[in-house]
Amino acid sequence: MNDISWKKLALPLTLLLGGCATQAGRTSLADTMARTRVVDISHPLTERMPVYPGGTLMSAKLKGTVEKDGYYIRDFTVGEHTGTHVDAPAHFAAGAKTVDQLPVESLAGPAAVVDVSDKAAQNADYEVTVEDIEAWERQHGPLKPQHIVLIRTGWASRWPDEARYGNADASGVLHFPGVSMAASQLLNTRQVRGIGIDTLSTDPGPSKTFEQHRHFLSGGGYHIENLADLSALPADGAYVVVQPVAVQGGSGSPARVLAFIPQ
């Protein structure tokens with residue numbers, strides 16, 4: 001991250017993570033971060049993990065070992081939408097921003113964790129509703145354009161069991177929770193930076209038309225899919241940093257996603 005971008009992030013990080021400044025002495029961002037718990041909410045890339053049907057599994061080829069060559073090195077191949085990954089607007093909107101064009105400031109922000117895990121446990125095809133979003137706002141205040149909304153469905157507990165995670169029926173139709181069009185429209189109205197979810201897709205499993213993708217991405221936001229367990233995050237108060245690989249012209253990219261939680 002360049003110096004200009006870091007300075008843009010420093011103030012919101014300091015404020016959101018509990019940093020303060022007084023005339024008697026200043027709490028630096030480094031001091032604040034040292035008192036912050038960091039949680040990895042992404043899955044490591046492996047050669048055996050669930051992918052959306054038609055997706056590209058990671059594959060790795062050994063190129064050198066310490067014993068033989070003096071160093072360990074591999075080549076690997078991976079799809080843009082494999083593992084925990086970001087969907088750029090260009091994924092469903094022609095001419096929109098590709099993953100390398102996402103403003104770095106948009107890849108960090110306060111997390112709004114909307115927990116629908118109880119509802120998803122009762123209905124595998126559950127779609128996050130406007131009421132779910134508004135219930136969060138009634139408790140924590142209005143969503144702001146700086147927010148990254150993370151949907152906790154509990155589906156991460158099924159990772160990396162592909163059969164349970166994709167949850168296909170006898171006809172091959174997938175069944176997992178997603179975001180309704182109405183909720184997507186509300187979040188677009190709120191101009192949040194991104195929507196993350198702990199399933200294969202922000203659209204519910206049975207979807208074949210990907211309306212939620214088309215709607216939200218065309219509005220300039222991005223998605224984070226296949227998030228790991230979100231149970232350690234508070235509903236409000238964590239700060240998230242999303243780290244996709246800046247693949248030139250990419251429709252998306254695998255990503256490491258870190259949550260910073262004040263102690």
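## How to read this model

Helices (H or I, at least four residues) and strands (E, at least two) are DSSP runs, numbered from the N terminus. The model is predicted, so local features need pLDDT of at least 70 and side-chain atom pairs count only at pLDDT 80 or more, while totals for chains, interfaces and linings use all residues. Residues are numbered from 1 along each chain as its sequence is written, and side-chain values use heavy atoms, with hydrogens and water left out.

## Backbone spots to look at

Most residues other than glycine have a negative phi, and most peptide bonds are trans. Here, the bond from Trp 159 to Pro 160 is cis, with omega near 5 degrees. You will find Pro 160 in the loop between strand E7 (148–152) and helix H6 (162–166).

Phe 210 is not a glycine, yet its phi is positive at about 55 degrees; this residue sits in the loop between strand E9 (194–197) and helix H8 (211–218). Asn 226 also is no glycine and has a positive phi, of about 60 degrees, in the loop between strands E10 (222–225) and E11 (236–244). With 2% relative accessibility, Asn 226 counts as buried (under 20% relative accessible area; exposed is over 50% and partly exposed in between, with a 1.4 Å probe and protein chains only).

## Salt bridges

Side chains of opposite charge can pair when their charged atoms come close. The whole structure holds six salt bridges (a side-chain nitrogen of Lys or Arg within 4 Å of a carboxyl oxygen of Asp or Glu). One of them joins Arg 152 to Asp 115, with the closest N and O atoms 2.9 Å apart. Because Arg 152 belongs to strand E7 and Asp 115 to strand E5 (residues 108–115), this pair ties together parts 37 residues apart in sequence. Asp 115 is partly exposed, at 43% relative accessibility.

Glu 137 pairs with Arg 190, their closest N and O atoms being 2.8 Å apart. Since Glu 137 lies in helix H5 (residues 130–140) and Arg 190 in helix H7 (residues 181–190), the link ties together parts 53 residues apart in sequence. Glu 137 is buried, at 12% relative accessible area, whereas Arg 190 is partly exposed, at 25%. Another salt bridge runs between Arg 138 and Glu 131, with 2.6 Å separating the closest N and O atoms. Arg 138 is exposed, at 59% relative accessibility, and Glu 131 is partly exposed, at 41%.
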